[in-house]
Amino acid sequence: LLNQGDNYALFEYMNDNTVAGHYFFTDVDYGTSFILAETFIQTLFNEYPEVKTIVGKTPKEHTAALALTKRLGFTHIADTEENEAVFVKNRKEDS
């Protein structure tokens, strides 16, 4: 669990090199949420070098969250029956 103020990122263990990412932002604009999410992701990759992939699901009706996810470099891989988009982000070789 990482946080800055009332903004959080929770990375849930899936296996030795993959985590599920969950982000909770309160009272911040789109630009600030992007900076915070980038910081959380970089912290994860720096502190846990064995983690290679982040997986996440975003409700398709949350258009701002979908835009943020894509801007962060996540790749859409599937849609669920629950109307969620599934995304992955792989560690860059230099991270």
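Visitor: Leaving aside neighbours within four places in sequence, which residues is Ile54 in contact with?
Guide: This is a predicted model, in which local features need pLDDT of at least 70, side-chain atom pairs count only at pLDDT 80 or more, and totals for chains, interfaces and linings use all residues. Residues are numbered from 1 along each chain as its sequence is written, and side-chain values use heavy atoms, with hydrogens and water left out. Contact means heavy atoms within 4.5 Å. With neighbours within four places in sequence set aside, Ile54 is in contact with Phe11, Val19, Gly21, Tyr23, Ile41, Leu44, Phe45, Phe74, Phe87, Val88 and Lys89.

Visitor: Is Ile54 buried or exposed?
Guide: Ile54 sits in strand β4; strands (E, at least two residues) and helices (H or I, at least four) are DSSP runs, numbered from the N terminus. Buried means under 20% relative accessible area, exposed over 50%, and partly exposed in between, using a 1.4 Å probe and protein chains only. The relative accessible area of Ile54 is 0%, so Ile54 is buried.

Visitor: How many residues does the largest nonpolar core have?
Guide: A nonpolar core is a set of buried Ala, Val, Leu, Ile, Met, Phe, Trp, Tyr and Cys residues, joined through side-chain atoms within 4.5 Å. Phe11, Ile41, Leu44, Ile54 and Leu72 have the most contacts inside the largest one. That core's residue count is 19.

Visitor: Which element gives the most to this core?
Guide: The elements giving two or more residues are β2 (7-15), α1, α2 and β6 (84-90). With seven residues, the one that gives the most is α1.

Visitor: What is Leu44 in contact with, leaving aside neighbours within four places in sequence?
Guide: Leu44 is among the residues with the most contacts inside the core. Skip the neighbours within four places in sequence, and what remains in contact with Leu44 is Leu2, Phe11, Val19, Val51 and Ile54.

Visitor: How do α1 and α2 lie to each other?
Guide: Two packed helices are described by the angle between their axes and the distance between the axes. Axes are lines fitted to C-alpha atoms, for helices over the stretch in contact, with angles from 0 to 180 degrees between N-to-C directions. Helix α1 (residues 30-47) and helix α2 (residues 63-71) have axes 10 Å apart and pack at about 45 degrees. Angles under 35 degrees count as roughly parallel, over 145 as roughly antiparallel, 65 to 115 as roughly perpendicular and the rest as oblique, and therefore α1 and α2 are oblique.

Visitor: Which residues of α1 and α2 make the contact?
Guide: The residues of this contact divide into five nonpolar, one polar and one charged. Here Ala, Val, Leu, Ile, Met, Phe, Trp, Tyr, Cys and Pro count as nonpolar, Asp, Glu, Lys and Arg as charged, and the others, Gly among them, as polar. From α1 come Tyr30, Ser33 and Phe34, and from α2 come Ala64, Ala67, Leu68 and Arg71.

Visitor: Is Ser33 buried or exposed?
Guide: Ser33 belongs to helix α1. Apart from neighbours within four places in sequence, Ser33 is in contact with Phe25, Val28 and Leu68. With a relative accessible area of 7%, Ser33 is buried.

Visitor: How far apart in space are Lys89 and Leu72, C-alpha to C-alpha?
Guide: Lys89, found in strand β6, is buried with a relative accessible area of 12%. Not counting residues up to four places away in sequence, Lys89 touches Ile41, Lys52, Thr53, Ile54, Leu72, Gly73 and Phe74. Lys89 and Leu72 are 17 residues apart in sequence, and their C-alpha distance is 8.5 Å.

Visitor: Where is Phe74 placed?
Guide: At 9% relative accessibility, Phe74 counts as buried. Its contacts, leaving aside neighbours within four places in sequence, include Tyr23, Ile41 and Ile54. Phe74 is placed in the loop between α2 and β5.

Visitor: What is phi of Asp27 near?
Guide: Asp27 lies in the loop between β3 (18-24) and α1, and is exposed, with a relative accessible area of 85%. Phi of Asp27 is a positive value in a residue other than glycine, near 55 degrees.

Visitor: And what is phi of Asn83 near?
Guide: Asn83 is in the loop between β5 (75-79) and β6, and counts as partly exposed at 41% relative accessibility. This residue other than glycine also has a positive phi, near 65 degrees.
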